[in-house]
Amino acid sequence: MEGALKLWIVILAVGALNYASRLSFIAFFARRSMPPLLARALRYVPPAMLMALIVPMVLAPMPGVETIDPRIPAAMVAGVVAWRTRSQLQTMFAGMVSLWLMQAALAHLG
Amino acid sequence: MRRVLNTPDFRAGFVEMLPACLGLIPFGLVCGVGAATAGADLLGALGMSAIIFSGAAQILASQLLAAGAPVAVVILTCAVLGLRFLMYSAAMAPALRTLSAPWQRAVSFLLTDQVFAASIRKFDAHGDPRGAAFHFLGGGMALWSTWQVDNVVGYFAGNVIPASWSLEFTVPLCFIALLAPALRGTLPTIAAVTAGVAVIALAGLPMRLNLVVAGILGIIAGTIAELLGERWKAR
């Protein structure tokens, strides 16, 4: 299939699915309460999906890194900051600064 | 419309979202770079950021398309990722109940992790649905408009940003910022740990299907743990 066509099928299908999910309980089922089992299961969607996304991004082997992967301690620092502050900005800042410091330290140690 | 834009709640929602928008700049840039790498033209990149409007889905779709995955796999992965909007929608519904149907349809489009987190906190604190709805609209508009700019800049600036900055690391950081507050309690932690272990154990699956399967396993583990815990208590 041609690249642009493929891309637009994905954009429209995912866009429609996302919009339907966003709209679901606000509009479609507004007068109905959620089936209890579904309500339970949905509560675990964010922790499970986010962890499934994070782990490969932090652990995937990086080319040229043979010693400690600086992303692991940086992710841990970010986790502590996120837990304490709940702030997107501070988490991002703490994570990136620790990553850069670790990278600089590893480069210095050679 | 103008009346809405002048309410203190709308303005508060808009202004309170700005720090998060600032934090999302690198993520938006990475999404723009990803779209360019996947071979999208500018309109395609904008289509992703404006219509899909979910960084996680955009980045995964770009990676999968660049790797030549079939369209069905890309859509399935993004659909599972988008399930969390069902939960946000259910939680936001009481706050948006006073709005007319067209307004509900319009503001729903702006529902994202960050705006949800900010507005639900506001609604829980004040319990004023109308205020929460305007607060939500303000935050959503701030995020949507800055997100388009981030993506377009990323699309063009992708090859200018030095690789040594490791800008792509801001993507897991973004998710960590969302995950940590969600981990309060044993059950969400069980769901997260299960998904984390499964995603590594299943890394051999083709086309990153390990992500979807691990996510579903984590959801099932959390739900079963909750049901077992209740049965235990009932004894």
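Author: Let us begin with one residue, B:F136, which counts as buried because it has 29 C-beta neighbours inside 10 Å; a residue is called buried if 20 or more other C-beta atoms lie within 10 Å of its own, exposed if 12 or fewer, and partly exposed in between, with C-beta atoms placed from the backbone. This is a predicted model, in which local features need pLDDT of at least 70 and side-chain atom pairs count only at pLDDT 80 or more, while totals for chains, interfaces and linings use all residues. Residues are numbered from 1 along each chain as its sequence is written, and chains are lettered from A and ligands numbered from 1 in the order in which they are written.

Reader: In which helix is the place of B:F136, and with which residues is B:F136 in contact?

Author: Helices are DSSP runs of H or I with at least four residues, as strands are runs of E with at least two, and both are numbered from the N terminus. B:F136 belongs to helix α9 (residues 129-157) of chain B. Two residues are in contact if their C-beta atoms, placed from the backbone, lie within 7 Å, and, leaving aside neighbours within four places in sequence, B:F136 is in contact with B:G13, B:M92, B:A95, B:V107, B:V115 and B:S119.

Reader: Is B:A201 buried or partly exposed, and how many residues apart in sequence are B:A201 and B:F109?

Author: B:A201, in helix α11 of chain B, counts as partly exposed, with 13 C-beta neighbours inside 10 Å. B:A201 and B:F109 are 92 residues apart in sequence, and their C-alpha atoms are 35 Å apart in space.

Reader: Which value does phi take at B:M207 and at B:R208?

Author: At B:M207, phi is positive, about 50 degrees, although B:M207 is not a glycine, and at B:R208, also a residue other than glycine, phi is positive and near 55 degrees. B:M207 lies in the loop between α11 and α12 of chain B, and the place of B:R208 is in the loop between α11 and α12 of chain B as well. B:M207 is partly exposed, with 16 other C-beta atoms within 10 Å, whereas B:R208 counts as buried, with 20 C-beta neighbours inside 10 Å.

Reader: How do I judge the span of helix α12 of chain B, and what covers its buried residues?

Author: The expected span of a helix is 1.5 Å times one less than its number of residues. Helix α12 (residues 209-234) of chain B has 26 residues and reaches 38 Å from its first C-alpha to its last, close to the expected 38 Å. Its buried residues include B:N210, B:L211, B:V212 and B:A214, and what covers the buried residues of α12(B) includes α2 (36-43) and α3 (45-59) of chain A, together with α5 (71-81) and α11 (186-201) of chain B.

Reader: How should I describe two helices that pack together, such as α4(B) and α5(B)?

Author: Two packed helices are described by the angle between their axes and the distance between the axes. Axes are lines fitted to C-alpha atoms, for helices over the stretch in contact, and angles run from 0 to 180 degrees between N-to-C directions. The axes of α4(B) and α5(B) come within 10 Å and cross at roughly 160 degrees. These two helices, α4(B) and α5(B), are therefore roughly antiparallel to each other, where angles under 35 degrees count as roughly parallel, over 145 as roughly antiparallel, 65 to 115 as roughly perpendicular and the rest as oblique.

Reader: Which residues of α4(B) and α5(B) meet?

Author: From α4(B), B:A56, B:A57, B:L60, B:A61, B:L64 and B:L65 meet B:V73, B:V74, B:T77, B:C78 and B:L81 of α5(B). The residues of this contact divide into ten nonpolar, one polar and no charged; Ala, Val, Leu, Ile, Met, Phe, Trp, Tyr, Cys and Pro count as nonpolar, Asp, Glu, Lys and Arg as charged, and the others, Gly among them, as polar.

Reader: At what angle do α4(A) and α10(B) pack?

Author: α4(A) and helix α10 (residues 170-182) of chain B pack at about 40 degrees, with their axes 8 Å apart, and that makes α4(A) oblique to α10(B).

Reader: How many residues of chain A are in contact with chain B?

Author: Chain A has 56 residues in contact with 74 residues of chain B. α1(A) gives the most to the side of chain A that touches chain B, with 21 residues, and the residues of that side divide into 41 nonpolar, nine polar and six charged.
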